Every structure is written in C-alpha cells, then in structure tokens.
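Subject: Handing over the model

Hello,

Here is the structure for your files. Please keep it open while you read the notes below.

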Amino acid sequence: MLLKAPEFCIGGFDLSLGDPLTTHLFKDRLDHVQRLIEKAAQQSGRSLNDITLVIVTKGVKPEAVLEAREAGISIFGENRVQEATEKIPAVQGADIQWHLIGHLQSNKVKAAISLFQLIQSVDTVRLADKINQEALAENRVVSVLLEVNISGEEQKYGFNPEEVYSALDLIAKMSGLRVLGVMGIAPNVADDNVKRETFKKLKGIFSVCKTLKYENVEMRYLSMGMSDDYVIAIEEGANMVRLGKALFR
Ligand SMILES: *Cc1c(COP(=O)(O)O)cnc(C)c1O
C-alpha cells in the first residue's frame, strides 16, 4: 500500500487501518475515471492524453490532495479564494498548477492572481478589466478562460452565449490577459440529452472563437464536464474536465 504513514488520514480515516471504503481510494478511482475518459475520447478520434484533467479539491483536506499528487495529478481546481489561500501553500511543487473555477469577487482579484495559474471563471468584462489592471500593475500576463452561461439558468454566472463574441473583442485588447479558452457548466438535470445540447452549444462557441484572430487569444481549452457528465462532455469535444466527487468521497 502506498500510504501507510499516520499523517495520511483521509476523511478522518487512518488508512493504515485498512478501512475498506477508503484504502484504495484515489489511485483506483482515477484508473476507473481514466478508462472512461479514454473511451469517450476515442469517439472523437482522440486519446486520454488529449484531455486535461483538473482535479477539484473544494472541501477536500490537503492530505487528500497530496494523495492525488502521489497518483500523478498536477492540476487542481478550487472554487473559492478563501479556501485556496489556506490549502495551496500546503501543496507545493514546481509542476503543480491551481485553477480558479468559481466566481471571483473583484476585491479578491489580487489574491487570486497570486494563487492561481489559470482563472477559468472570468464572467464579466468588468472582472476581466479588474484582473487586467492588477496584472499590468505587477507587470504580468494572467491566463484566463471566459465562463459562458450555457445552462441559461439565471442564478448561474457567465456570459450569455450571444454576448461572448463582443466580450472577447473587448477582453482581447487587455494586454495583461491571455485568453486560453472557454468554460461552462451544464444544467443540473437528469436528462443527458439536455446536457449534451448545452455542451454542443459551448463547443460551437469555442469553434467560432478559434477562427477569430487576436493577439492575446489562443483558444486552447474547452473546459466542460464534471463528475456527473464528463463522459458526455468529452464525447462532445471537451478537452478539459473538472472532476471532484468522482475522485474524492
Ligand atoms: C465543484 C465544481 C466542479 C466539480 O464538481 P464535481 O461534481 O464534484 O465533479 C467542477 N466545476 C466547477 C465550476 C465546480 O464548482
């Protein structure tokens, strides 16, 4: 067994006691998820290596994050700056990347750009402008994705699909930003076809954005798919998925 040291207590269980629910934990779940990802990727002529895995660690203790790291994970996602401020310093490594995937308040922008290598949740031109100003003040270029509200639910964040292009046009002029793609969240519904349609919508937006030529824009990532719907998302073209509960219980 990989983790015997007493400091690796996950979810309150001491793994050395061999709790049946938690012993083989992360690596086994990861293997399972990767097999499904590979199968889904093959449907569109791609492989496992074409899909970037972001492991979402909100509500997860640093010890469990370290177990994920042992299993070879290097990209992690958090949705709140506050939680990330406490967790990120505990998980260090030159190859580790942290992504912000939740709504960012403008008073937390400065903290966010020092913690995260990619901000996936840029949801207004105003927020982009704020990040740009902080980036320029620090003589940096911050990588971002534009969040699109593909579910159409009013309580969700993100640009409306029809306003993405005009927003991109403005944001592309902000030299402290580098736009690397788009991110979206499917509606929380049981009907897979509804999810599939929303993923198709975001793929369409991504494809159009790819044809637009801007200096600070390189449409690389189509970030869609979470634990309940990543297979569908990948079948529909996602090349970045954000997984939490499929891997942490
Ligand atoms: C929590 C969260 C995820 C991961 O969700 P799971 O269902 O746990 O996989 C992905 N993306 C965003 C934006 C999230 O907030």
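Helices (H or I, at least four residues) and strands (E, at least two) are DSSP runs, numbered from the N terminus. By that scheme, Leu127 sits in helix H5.

Some ground rules. This is a predicted model, in which local features need pLDDT of at least 70 and side-chain atom pairs count only at pLDDT 80 or more, while totals for chains, interfaces and linings use all residues. Residues are numbered from 1 along each chain as its sequence is written, and side-chain values use heavy atoms, with hydrogens and water left out.

The chain as a whole

The chain holds eight helices and 10 strands. Its radius of gyration is 18 Å, close to the 18 Å that the globule rule gives for 249 residues, so the chain is as compact as a globular protein of that length. That radius is taken over C-alpha atoms, and the rule is 2.2 Å times the number of residues to the power 0.38. Along the principal axes, the C-alpha trace spans about 55 × 40 × 30 Å.

Of the 249 residues, 51% are buried. Buried means under 20% relative accessible area, exposed means over 50%, and partly exposed lies in between (1.4 Å probe, protein chains only). The accessible surface comes to about 12100 Å², and carbon and sulfur atoms own 50% of it. Areas come from the Shrake-Rupley method with a 1.4 Å probe; for residues, only the protein chains shown count as cover.

Contacts need heavy atoms within 4.5 Å. Among contacts with a separation of 6 or more, 60% link residues 24 or more positions apart.

On charge, there are 30 positive and 33 negative side chains, and the centres of the two sets lie 2 Å apart. Lys and Arg count as positive, Asp and Glu as negative; His and the chain ends are not counted. Each charge is placed at NZ of Lys, CZ of Arg, CG of Asp or CD of Glu.

Start with Val144, in strand E7 (residues 142-148). Val144 is buried, at 0% relative accessible area. Leaving out residues up to four places away in sequence, Val144 touches Leu118, Ile119 and Val122, plus the run Leu177, Arg178, Val179, Leu180 and Gly181. Ser74, 70 residues away along the chain, is 18 Å from Val144 between C-alpha atoms.

Arg178 belongs to strand E8 (residues 177-184). Arg178 is partly exposed, with 29% relative accessibility. Beyond four places in sequence, its contacts are Val141, Val142, Ser143, Val144, Asn216, Glu218 and Arg220. Look at Glu218 in particular. The side chains of Arg178 and Glu218 are joined by a polar contact of 2.6 Å. The two residues are 40 apart along the chain, with C-alpha atoms separated by 7.5 Å. A polar contact is a pair of N or O atoms within 3.5 Å; within protein, one must be able to donate a hydrogen and the other to accept it, and residues adjacent in sequence count only if both atoms are side-chain atoms.

Gln120 lies in strand E6 (residues 118-122).

Outside four places in sequence, Leu127 contacts Leu104, Val109, Ser121 and Val122. Val208 is 81 residues away in sequence and 23 Å away, C-alpha to C-alpha.

Thr198 is in helix H7 (residues 192-211). Thr198 is buried too, at 7%. Its side chain reaches the backbone oxygen of Lys195 at 2.7 Å. With neighbours within four places set aside, Thr198 contacts Ile150, Ala186 and Pro187.

Two loop residues

Asn139 lies in the loop between helix H5 (125-137) and E7. Asn139 is exposed, at 73%. Its phi is near 60°, a positive value in a residue other than glycine. Most residues other than glycine have a negative phi.

Asn107 is in the loop between strand E5 (97-100) and helix H4 (109-115). Asn107 is exposed, with 65% relative accessibility. Ala128 is 21 residues from Asn107 in sequence and 13 Å away in space, C-alpha to C-alpha.

Best wishes
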